[in-house]
Every structure is written in structure tokens, then in C-alpha cells.
Amino acid sequence: MRRQEEAEMDTGRVGESSSISERYLQSLKKSWCSNNPWTARYIYGLMFLLTNLWAWMMRDYGQPVLLDLERLKGCRGASYCLGTEGVLRVSLGCFMFYFLMFLSTVGTSKLHHPRDSWHSDWWIAKIFLWFSFMVVPFFVPPAVIDIYGKIAHFGAGVFLLIQLISIISFITWLNDCLTSEKFTTKCQAHIHILSTASYVASFSGIIMMYIWYVPKLSCTLNIFFITWTLLLLQLMTCVSLHPRVNGGFFSPGLMGLYVVFICWTALRSEPATEVCDRKVETATNEDWLTIISFIIALLAMVIATFATGLDSKTFQFRTEVAEADDDVPYGYGFFHFVFAMGAMYFAMLLIGWKEHHTMRKWTIDVGWTSTWVKIVNEWLAACIYILKLVAPVVRKSRRAAAPV
């Protein structure tokens, strides 16, 4: 019975994906300048990328310009924090633009609706609006920016939580799809190979972190971070392999790879003066590795925001909804909401989650606050994944124990 239900669910997912793919191919036949929601998402993503670059330029190279603005004379600690305050001002403008788009498009369900046209068209007006929002925050009093900086911590946390749920949902969906009766015979070898590769990469990453970030036994905090990551990997695997869960090795292998990656980024976020990082000894202020890492991190953040914004179906509480041909291909409101939260998130990355302090050029997400944010995010990821594995078993037990 359970296998039959899973097969029906997988068939529904595949049919839903096929429907979306067909609508996507049809939309590509339209002109890039026409009312096309698929094209619109790339334009919004490009605008978000340009805003990130503008914020970075304000932080690393904008102090001579910011010194001339009277509105910034209230910056605590004189001129050294102007770059950080410039990032928050750019972030505020980006947030206002995408939050306005969220308010004006939330609830849009049909194509060829005025709000659909506003989301997918009217680019001259929206680019002018976006540019205005990039300028206006530089004339806002510092007290307002200080309040926004505190609120941005919460918004960045919301973004991380949305991204986390989206990634875990994708991993569990992929596992259910590949292990279903429809694909299990075709993809069995692929599943074994990917599972083995995930565990090999995870354990190799843990070994390398011990080598790079534990040069001496006095580095107890790094030892704790890495060892706890190893325990989380084992715990997720044990829960998945429990007979009542029967989740296999594939999804815990991918989740293990994900938490190892988060742990590695957390250790990389430790301050450059940290004696437990062997790579600091050979690093210079603006070496090529630092610059390349910065560019990759910036692009990864933009891509993550873009991909998460399209995953509105994961956060829908309605399970069975028949799709019509004139339904919107993704949730416009959710898409812009994720970008609005992403605006707060990139500000926190560029200022190290702390207002009124400076950061070294070509660095991103560095500091003890950044490290702990990522570590907590890793632990939360493991908890959410385990809950997703256990929840169906608990619901089934309650249904079985309920009186008929």
C-alpha cells in the first residue's frame, strides 16, 4: 500500500514537472522583450547581482565618496565604518525595491493579469524605480540605517531558514523520486555510485578539516565543530536506515555532504588572525585565492537566492491543486520576498553580521559571528532533516493507534 502511494505521488510530481517544462518551452518562443515571466526572473537576478556588486564597491572603495556626504557624518567610530554603513544603505534600497514588488505581486495566480504584467513587463519604470531606491537611502539619517542594520539580522535569518528548507526538500524529493518503483530499476546503480561518492567526499572533507584547522590540540573549538559534524552525519544515516524509516543511504549521504560543506565554510569564516587556521600563515591581504573565493561566494549567494525564490511550491500548504494553462509558473510574491530577505542577507555577509566595523578588502562573511551563524545553521539543517524522516512514521503510528 505504501509503495503504491509513493508511486502515485512520484507520478504526480513527474507530471507536474512535465507540465512546467512544457510551459517553459512555450514561453521561450516569445520575444525576450514581451510579457514573459521566465525571462523576468533572469532580469531580476541580474539586478540583484548588480546591487551586490554596488554594495561591495561601497564597502571596499567607496569611502572617499562617502566622506563627502553630510548624512554619514554620524557614523560611529568616524570614517572607518563608512564602508559598512554604505553596504547597509545599498541593502536598504534593494530591500525596499523587492519588498515593494512583493506587495504588488503577492497572490498573483493567473497569467495576463495586470499584476502579472507588472511582474514581467514595465521594465523602464521598474529600472527607474530600482535606481531611485539605490540613491534614496544615502540621504537617510544614520539612526534609520542603524535600526535597519538590526532588523537585517532577523531578515537574513529568515532567508537562511527558507534556503535550508528548500535544499532539504529538494534532497528528499530527489531521493523519493529515484527510489520509486518507476525509477528504482533504472537508477539503482546511479544511486549506489552517488551515495558512495557522497560519503567518501564527506569523510574526506572531515579529514581535511582536521588537517587544516586543527594544527594543535589546543584548538578545542574547531575540534568540537568538526567532531560534532561527524556525529551528525552518523546520526542522520542511522535514522535513515532505521527499519521503520527505511530511507536508504542516498539522502543522508547528500545531507552529510551539505553539513560538511557548511562546517567548512564556518571554519573559513573564522578571523584571519586565528592561530588554528594553517592556511592563514601563507595568505596575504589580497592574494588570488582570497579574490577567487570572494567572487565564488558572491555568485553562489546570488544563485542560491535566485533558485530559492523559484521554489514557492515547497512552502505551499495546499497539497493537491490542479494546474491550469493560464496559471503563473511560479509564485511571484514568494520570489520577490526571497530577494527582499536576500538583500538583508548579502548585507550581513559583507559586514560580517556586525554593524559599525570595518572588514578587509575582498573578504565576505568573516568573523566569529559569521562562524556561529553557519554552525547553528548546520545543526538546524540536521534537525530539520531528521524531523522530515521521523514525521511520516509518527503520523502513521498515530493513525494506527486512533480508534476507528
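Does W122 count as buried or exposed? At 52% relative accessibility, W122 counts as exposed, where exposed means over 50% relative accessible area, buried under 20% and partly exposed in between (1.4 Å probe, protein chains only). The legends below describe a predicted model, in which local features need pLDDT of at least 70 and side-chain atom pairs count only at pLDDT 80 or more, while totals for chains, interfaces and linings use all residues. Residues are numbered from 1 along each chain as its sequence is written, and side-chain values use heavy atoms, with hydrogens and water left out.

**View 1. The whole chain is built from 13 helices and has zero strands.** Helices (H or I, at least four residues) and strands (E, at least two) are DSSP runs, numbered from the N terminus. Read from that end, the elements run α-α-α-α-α-α-α-α-α-α-α-α-α. Of the 404 residues in the chain, 46% count as buried. A contact means heavy atoms within 4.5 Å, and among the contacts in the chain with a separation of 6 or more, 79% come from residues 24 or more positions apart.

**View 2. Helix α9 (residues 220–241) packs with helix α13 (residues 368–401).** The angle between them is about 15 degrees, and their axes are 10 Å apart; axes are lines fitted to C-alpha atoms, for helices over the stretch in contact, and angles run from 0 to 180 degrees between N-to-C directions. The two helices are therefore roughly parallel to each other, given that angles under 35 degrees count as roughly parallel, over 145 as roughly antiparallel, 65 to 115 as roughly perpendicular and the rest as oblique. On the α9 side the contact includes L221, F224, W228, T229 and L232, and on the α13 side it includes W368, W372, E378, W379 and L389. By class, this contact of α9 with α13 has 17 nonpolar, three polar and one charged residues; Ala, Val, Leu, Ile, Met, Phe, Trp, Tyr, Cys and Pro count as nonpolar, Asp, Glu, Lys and Arg as charged, and the others, Gly among them, as polar.

**View 3. T229 lies in helix α9.** With a relative accessible area of 0%, T229 is buried. Not counting residues up to four places away in sequence, T229 touches V259, V260, C263 and E378.

**View 4. Helix α7 also packs with α13.** Here the angle is about 40 degrees and the axes are 10 Å apart, which makes α7 oblique to α13. From α7 the contact takes L160, L161, L164, I165, I168, S169 and T172, and from α13 it takes V373, N377, L380, A381, I384, Y385 and K388. By class, the contact of α7 with α13 has 10 nonpolar, three polar and one charged residues.

**View 5. The largest nonpolar core has 57 residues.** A nonpolar core is a set of buried Ala, Val, Leu, Ile, Met, Phe, Trp, Tyr and Cys residues joined through side-chain atoms within 4.5 Å. The residues with the most contacts inside this core are Y44, F48, F97, Y98, Y345, F346 and M348. Helices α2 (37–61), α4 (82–105), α6 (123–135), α7 (142–178), α11 (288–309) and α12 (332–351) each supply at least two of its residues, and α12 gives the most, with 16 residues. Leaving aside neighbours within four places in sequence, M348 is in contact with L88, G149, A152, H153, A156 and W353. Another core, of 18 residues, lies apart from the largest one and has L232, A381, I384 and L389 among its members.

**View 6. D365 is found in the loop between α12 and α13.** Its relative accessibility is 6%, so D365 counts as buried. D365 and W353 are 12 residues apart in sequence, and from C-alpha to C-alpha they are 7.6 Å apart in space. When its neighbours within four places in sequence are left aside, D365 is in contact with S269, L349, W353, M359, S370 and K374.
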